[in-house]
Amino acid sequence: MTFSITEISVLGILYTAALFLIAFLTDRGVFPERWSRHPLIYILSTGVVISAWAYYGVVDLAFQFGYGSLAYYLGSCALFLFAPVVLLPLVQLARRFQLRSLADLMVFRYHSQAAGALTAICLLVASLPIIALQIQAVADTVQIMTANKTAHIFAMELPFRDVVAIGYCAILAMFTVIYGHNTRSENSLMLAMAAESLIKVIALGAVGLAAIYYVFGDLQSLDQWLLDNPNQFDILHQAARDSSSHALLVVFCASAVTLPQLFHMASLKSEPGEVTATLSWGFPLMLLFLALPIFPIMWAGFELGTPLPPQYFTIGVPLMLESKALSILAFLGGISAATGALMAITIHLSTMLMNHWVLPFTPIRHGRLHRQLQLTHSVVAITLFAAGYGFYRLLANNYSLTDMALMYFIGTLQFLPGIFSVSFWPGNNSKGFMAGLTAGIAIWAIGMLLPAITGADRIPAELLGHEIQLGVENWQTITLWSLTLNIILMFIVSSVSDTSEEERYSAELCTDDELSHPLRRVLSLHSVQDFVDQLAQSLGDKDANLEVMRALEDLKLSPSERRPYALRRLRDQLEINLSGLMGTTMATELVNRHIPYSLPEGKGSTDINLIESRLSEYRNQLTGMAAELDDLRLFHRNTLERLPLATCSLGRDTEILMWNRAMEKLTGISAEATIGSSLESLPSPWNQLISDFTESPSDHEHNRQVSIAGNKHWLSLHKANIRTPANSGDDNQVILLEDTTEIQRLEQELIHSERLASIGRLAAGVAHEIGNPVTGIACLAQNLKYETETDDIQETSAQIVGQTERISRIVQSLVTFSHSGQHSDTQLESVTLRHCAEEAIQLLSLDKNKTQVLYINNIDPEHRITGDSQRLIQVFINLLSNARDASNEGDRVTVASELQPPYTVLEITDEGSGISEEQQPQVFEPFFTSKEPGEGTGLGLAMVYSIAEQHKAHIEIDSPPPGQTQGTRFTIKFPLLPVTTS
């Protein structure tokens, strides 16, 4: 059964259109991004390693090596079953530093551009057979499906296979140019690759089932057929008679490390641990499904007498069964296998060649970075397809798919020693790697590649003393000699040659990750805009801004970010992103030129924030002692975070490394906005407070007064210098802030209470000493009253007696207060406020040495209250004397009253200097005075407040009073109803 060229063309067009549609819809967001992160899609997308050889040629491998062909599946499965050990370190490294190709990995590991360039060109040469294999498989199967030998194009008769090969390469080149150059199109490419893998898995499984149930009938019939054909058992066991199966196992197991899917995995947004955990079971399971149909397809091909070589039994069996649907499915499966592998290999190679051969010798056009990269990548990709087609034509279909696959696998096997040393041999250097790789590739090229091109199958005896057989038929010998010489030379050269400090540093990064070197480096730039301005010198304003904004988005940082730690992360992310665009070498050189790092002054300045972030990323991967140590770290970390004492940690360069919750509460500054910033960036007063203390020679400072939100606070500061084991000097500082405001206020209240107690004791003594003289004065005044009849003397005598009685009551009140803490009970009576005010004015007028003011008594004579007249007179004396002291000569002091039920309101107003708003809450406190030292005791208004409380009155201050620009008004509101006291 055959198909017409039109039918095949329609199938090809529909298949290509389907790939473009999947990629286009994914690029436009029709298919959610989470689809491309699904484990099933991810496993299917890794099926790019299943090329046309694994779809067609593996049947030929089974025919040649029998059970030995299973080495392909066992080798690949073994690698991925041990993915956490073998692949995870490489995936983490490639992911962390955005190493998008094998050459990037070698440049990073060996710190040598020459190593990357050699890797790129050697991998290109080694990959030519696998590229030609895909083209040959597609051309052959199209010819098989149509049975055409020639094609007529523009009146020219051309070989049909060549026309198909050219068209196939052109279509794939177009697809690669559109979706292969942009790292933002990874999701599109991933879903397209997953769809291709699904097609070939379904197709191969369908052909296998048809081979069992349509050719043989069932499994029992297949067993009987094998018994009837013992020669098939000879085919299965022929490889066991020699060592070929063991050699195949080594080749297939090792070569999988060099395949493009490794760097495809590294580009995913999933965690590397999740990637390898998925691969460790998903990829072997997919290979199992692909391995099951291989032998039934081979046996069915022999049973049906398929007139095709075993490598095309996969499509020959459906054709012999005359099943059009199955033939189309098998054909599409082969196209999918070839397309996926060819695109993955081409994208990988074009990235390497562009980054390590083209861009280093091409100046970047100012402001046209992305356009230039896209154009360069497109030209390199098209050139690769042309080279692959040229090599396919050069081989002239003289080699089977298995032969070309062996050439590819053995060629890429030469990279195994260099890749192995990335994670497991830090002593290897670039000179050893390049010497070993050059020797291995040279032997491979002489033994396998040149014979395929020239047709020579031996080296004459007269050249080397004896004849040496060449060609794919001698692949075991060539593999042994090339790999052995590769390893020996790499070891010897690395041992005898010097290794640079940079290369040694890179080797340690690869084996230990950067936590082994967590130096806190210093940037001279202080803002995101500084980054844009610096990069714009080479990239132009538009591209520089685009790359900086992209890096900020990846890190979820704000464009206003100024913290040193955040800017260091931005710088590293920029280098990673640019490495994905232009390669590690050029990106590193560009970033180092415009955004250079410098080491901090002094040794041992570790980047604690870097350590914290890395440990957080790796926490789920830690086991055993490492997990226990991390738990201990978290315990101590949480202890500091939850400590009720405000704590922060500073680096040598005053970068804030830790800011606990108590510190957040005390300062009102969040840890997220503080950690990683410099001490100088803190708001006042914290920047100056902590900065002064860090520079102070003392480790403790007690009760330092600061103003926080307008309120006085007292803080005690303590610090400790933390000496790290890596250096010999003090590195970090831990600062503790203790808020002692409440303690300070309690101490002041205690001191105040002690002073009041002392006053009480003093009052008792003074009252005792004053009592006797006052009694004598009262007796003399009474005698004077009876000894004279002069009216003036009689009046004066009466006043003296009245004042001595007032003194006696005050003295008695002081004695009682000193004993009980409160005034004695006094008989309250109806008091006229105007009379109390007049007496106070009269007494104050006797002192001619004080400022003479005009007292105006406007109190209504009818306004009376229930109270103690002597104490009320004392209130008037204190308030009026304060008003006089605050006034200027000739000012007025007005006393007035008003009835405002349920109060009788007394107002004393002056025109003096007034009381400031800050002092008003303190004027009634004992010993507070605004007068000069020696002018006042600070007890007058405190006594006024106490007497007002005894009379159930309320006292208020207005300074200045309404309607005046200066002065003070005291308002006392006495209740109208009689007041009773206990």
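The model is a predicted one, and its aromatic side chains form 13 aromatic pairs. Two of these pairs are set out in the table.

| Pair | Arrangement | Centre to centre | Between the planes |
|---|---|---|---|
| Trp53 and Phe409 | edge-to-face | 5.7 Å | 70° |
| Tyr110 and Phe433 | stacked | 4.7 Å | 10° |

The pair of Trp53 and Phe409 links distant parts of the chain, since Trp53 belongs to helix α4 (residues 52–65) and Phe409 to helix α21 (residues 401–412), 356 residues apart. Trp53 counts as buried because its relative accessible area is 2%, and Phe409 counts as buried with a value of 7%. Trp53 and Phe409 also belong, together with Tyr408, to one aromatic cluster.

In the other pair, Tyr110 lies in helix α8 (residues 102–110) and Phe433 in helix α23 (residues 430–454), so that the pair ties together parts 323 residues apart in sequence. Both Tyr110 and Phe433 are buried.

On the α38 side the contact includes Arg871, Val875 and Leu879, while on the α39 side Leu941, Val944 and Ile947 are among the residues met. The residues of this contact divide into six nonpolar, five polar and one charged.

As for the cysteines, the structure holds zero disulfides. Cys122 counts as buried at 7% relative accessibility, and Cys836 counts as buried at 3%.

Technical notes:
Residues are numbered from 1 along each chain as its sequence is written. This is a predicted model: local features need pLDDT of at least 70, side-chain atom pairs count only at pLDDT 80 or more; totals for chains, interfaces and linings use all residues. Side-chain values use heavy atoms; hydrogens and water are left out. A disulfide is a pair of cysteine sulfur atoms within 2.5 Å. Buried means under 20% relative accessible area, exposed over 50%, partly exposed in between (1.4 Å probe, protein chains only). Contact means heavy atoms within 4.5 Å. Helices (H or I, at least four residues) and strands (E, at least two) are DSSP runs, numbered from the N terminus. Ala, Val, Leu, Ile, Met, Phe, Trp, Tyr, Cys and Pro count as nonpolar, Asp, Glu, Lys and Arg as charged, and the others, Gly among them, as polar. Rings of Phe, Tyr and Trp (its six-membered ring) pair if their centres lie within 6.5 Å; planes under 30 degrees apart count as stacked, over 60 as edge-to-face and the rest as tilted.
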